[in-house]
Amino acid sequence: MVEIKNFKKAYSKAIQNGYAAIFAGAGLSKASGFVDWNELLDDLAKEIKLDVKKENDLVEVAQYYCNEKQSRNEINERILNRFVTDSQENESIKILSELPIHTFWTTNYDKIIENTIENKTNLLPSIIYNSQNLVKINENKKYKVFKMNGSISDSRSMVVTSNDYSNYKKSQCVLIEFFKRELILKSFLFIGYSFKDNLVLSCLDEIKDCFPNLDHFHYRIDVTNEKHKTYQKIEKEYFEKNYNIRTIYVDSFEQIDTLINMIYKKFKSKNI
């Protein structure tokens with residue numbers, strides 16, 4: 001397929017020249033046995049008699065739960081409990097950790113990315129999960145993992161409710177500005193990220209206003225939906241025209257690992 005061939009060529013070049021970055025969403029961690037956002041909130045929604053499948057704005061479900069329980073600590077504990085089980089090895093992150101990609105951004109709370117990097121490289125990455133962490137970022141560390149929605153290592157940092165999102169731009173303004181800089185300088189590969197929280201797209205909107213002629217591209221991997229092919233065609237054109245994000249469709253989630261492995265082989269073949 002021409003699109004996949006062009007993607008492999010372009011992203012291998014980004015890796016080769018040191019400007020490739022990864023943005024991981026919940027879909028990437030799910031392969032390691034962790035829950036996605038819907039599953040995370042499902043039990044909480046049932047407790048307050050809401051059907052999470054019928055709710056369009058899931059952060060509102062989290063907010064309703066906090067309001068009902070009159071406690072933020074309880075929802076933090078419930079979320080943390082969903083991540084205490086041992087994670088399975090993640091093939092995609094394993095392959096990515098073997099490439100010279102040293103910058104990872106994620107909206108996930110779990111530690112699967114940093115743990116995989118440490119296990120595969122014997123190097124501890126620098127972890128940044130709020131604006132304050134940027135002050136003490138260790139530039140001597142080869143790998144950096146930016147956790148935009150906080151980390152389970154500090155439950156107070158987790159962005160969960162609609163109130164958290166409302167305060168986000170103010171509380172994490174420095175981290176957001178740093179992220180915009182990265183979007184300008186690097187080519188991102190978005191894996192397992194739905195773009196539903198508008199976090200990335202709002203940043204790209206501002207970048208396009210400032211740099212309308214910026215011509216480098218980012219990439220997103222998504223699974224083809226046979227029932228919504230027309231919609232996906234429109235969506236693909238929308239992402240490319242408005243945000244310089246090219247979409248690569250695969251037939252199944254398992255093929256994401258295959259595609260990442262193809263990138264790895266493409267890169268390695270250029271370095272033998």
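A polar contact is a pair of N or O atoms within 3.5 Å, where, within protein, one atom must be able to donate a hydrogen and the other to accept it. In this predicted model, the side chain of His216 reaches the backbone oxygen of Leu183 at 3.1 Å. His216 itself lies in the loop between α11 (199-210) and β6 (218-223). Leaving aside residues up to four places away in sequence, His216 touches Leu183, Ile184, Lys186, Ser187 and Asn244.

Leu183 and Ile184 also take part in a helix contact, on the α10 side. Two packed helices are described by the angle between their axes and the distance between the axes. For α10 (residues 173-185) and α11, the axes come within 10 Å and cross at roughly 65°, so α10 is roughly perpendicular to α11. The crossing is right-handed. On α10 the contact involves Ile176, Phe179, Lys180, Leu183 and Ile184; on α11 it involves Val200, Cys203, Leu204, Glu206 and Ile207. These residues divide into eight nonpolar, no polar and two charged.

Most residues other than glycine have a negative phi. Asn244 has a positive phi near 55° and sits in the loop between α12 (229-243) and β7 (245-250). Asn122 has a positive phi too, of about 60°, and is placed in the loop between α7 (112-121) and β3 (126-128).

Which of these asparagines is buried and which exposed? Asn244 has a relative accessible area of 13% and is therefore buried, whereas Asn122, at 69% relative accessibility, counts as exposed.

Technical notes:
Residues are numbered from 1 along each chain as its sequence is written. This is a predicted model: local features need pLDDT of at least 70, side-chain atom pairs count only at pLDDT 80 or more; totals for chains, interfaces and linings use all residues. Side-chain values use heavy atoms; hydrogens and water are left out. Helices (H or I, at least four residues) and strands (E, at least two) are DSSP runs, numbered from the N terminus. Contact means heavy atoms within 4.5 Å. Axes are lines fitted to C-alpha atoms, for helices over the stretch in contact, and angles run from 0 to 180 degrees between N-to-C directions. Angles under 35 degrees count as roughly parallel, over 145 as roughly antiparallel, 65 to 115 as roughly perpendicular and the rest as oblique. A crossing is left-handed if the near helix is turned anticlockwise from the far one by less than a right angle, and right-handed if clockwise. Ala, Val, Leu, Ile, Met, Phe, Trp, Tyr, Cys and Pro count as nonpolar, Asp, Glu, Lys and Arg as charged, and the others, Gly among them, as polar. Buried means under 20% relative accessible area, exposed over 50%, partly exposed in between (1.4 Å probe, protein chains only).
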